[in-house]
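The sequence and the model come before the text.

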Amino acid sequence: MNAVAARSSLYGLLGECFAYPDEEFADSVRSGSLARRIAGLAGAIDPALLDGLDLASLADATATQHGLAIEYTRLFDAGARGTGCALNGGLQVGPQMKVMEEAVRFYNHFGLTLGEEQKELPDHLTTELDFLHFLSCGEHERGSRGESADPYILAQRDFIARHPGRWVPVMHSKLESLGPMPLFLALSAVLQRLLQHELLRLEAAHGAASLKPSGEL
């Protein structure tokens with residue numbers, strides 16, 4: 001698997017990890033498959049991507065769906081005023097309405113809309129990671145056809161800089177203070193490392209990210 005395809009898959013996988021835990025997720029933690037997948041995808045992106053991170057907690061033979069769900073709710077889903085680790089960018093860096101509106105303009109620029117079945121808001125981490133998964137898929141597909149993938153590449157750079165790359169470090173710092181289950185702290189650390197890596201790589205290749213409002217894309 002090449003680096004672009006691996007990056008797309010890792011964004012998608014991490015998006016699933018920050019959704020409400022189901023039995024399939026719990027099984028992937030118990031079996032160790034989650035740890036193996038993350039390590040394999042990260043290695044395909046850059047062998048040094050996870051250097052220094054302790055990923056042992058991504059595999060826990062004692063994990064249960066019930067226990068993961070209770071901890072997820074305590075950390076992330078206890079309401080806007082009940083947790084310091086809300087998974088919504090607008091609740092971390094705000095104001096939320098402005099953050100959501102700008103994220104939606106990014107999505108709409110690529111013809112994407114949030115359907116009625118969409119459970120999370122536009123600024124939720126799972127939504128934002130789904131978008132980065134989509135952009136990386138577009139980059140991979142265009143590149144495989146020999147076409148320019150610049151719109152997808154530059155959108156990744158600017159979206160990371162303006163959205164998850166800006167607020168995930170804030171969330172991760174708050175998460176550390178709550179004494180979280182090591183699994184969730186490790187997932188947050190992997191995500192923060194991936195976003196930092198990608199923003200540095202993209203800015204080195206294509207210049208500094210644009211910080212102008214996304215309505216001017």
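Are F106 and F131 buried or exposed? Both F106 and F131 are buried, a word that stands for under 20% relative accessible area, with exposed meaning over 50% and partly exposed in between (1.4 Å probe, protein chains only).

## Basis of the model

This is a predicted model, in which local features need pLDDT of at least 70 and side-chain atom pairs count only at pLDDT 80 or more, while totals for chains, interfaces and linings use all residues. Residues are numbered from 1 along each chain as its sequence is written, and side-chain values use heavy atoms, with hydrogens and water left out.

## Cysteines

The whole structure holds 0 disulfides, a disulfide being a pair of cysteine sulfur atoms within 2.5 Å. C85 takes part in none, as the nearest cysteine sulfur, that of C17, is 16 Å away, and C85 is buried at 0% relative accessibility.

The sulfur of C137 lies 17 Å from the closest cysteine sulfur, in C17, which is too far for a bond; C137 is partly exposed, at 25% relative accessible area.

## Aromatic pairs

Across the whole structure there are 15 aromatic pairs, counted where ring centres of Phe, Tyr and Trp (its six-membered ring) lie within 6.5 Å, with planes under 30 degrees apart called stacked, over 60 edge-to-face and the rest tilted. One of them is the edge-to-face pair of F76 and F184, at 5.7 Å centre to centre and 80° between the planes. Because F76 lies in helix α4 (residues 65-76) and F184 in helix α10 (residues 182-206), this pair ties together parts that are 108 residues apart in sequence; helices here are DSSP runs (H or I, at least four residues), numbered from the N terminus.

Ring pairs also link F106, Y107, F110, F131, F134, Y152 and F159 into a cluster.

Technical notes. Helices (H or I, at least four residues) and strands (E, at least two) are DSSP runs, numbered from the N terminus.
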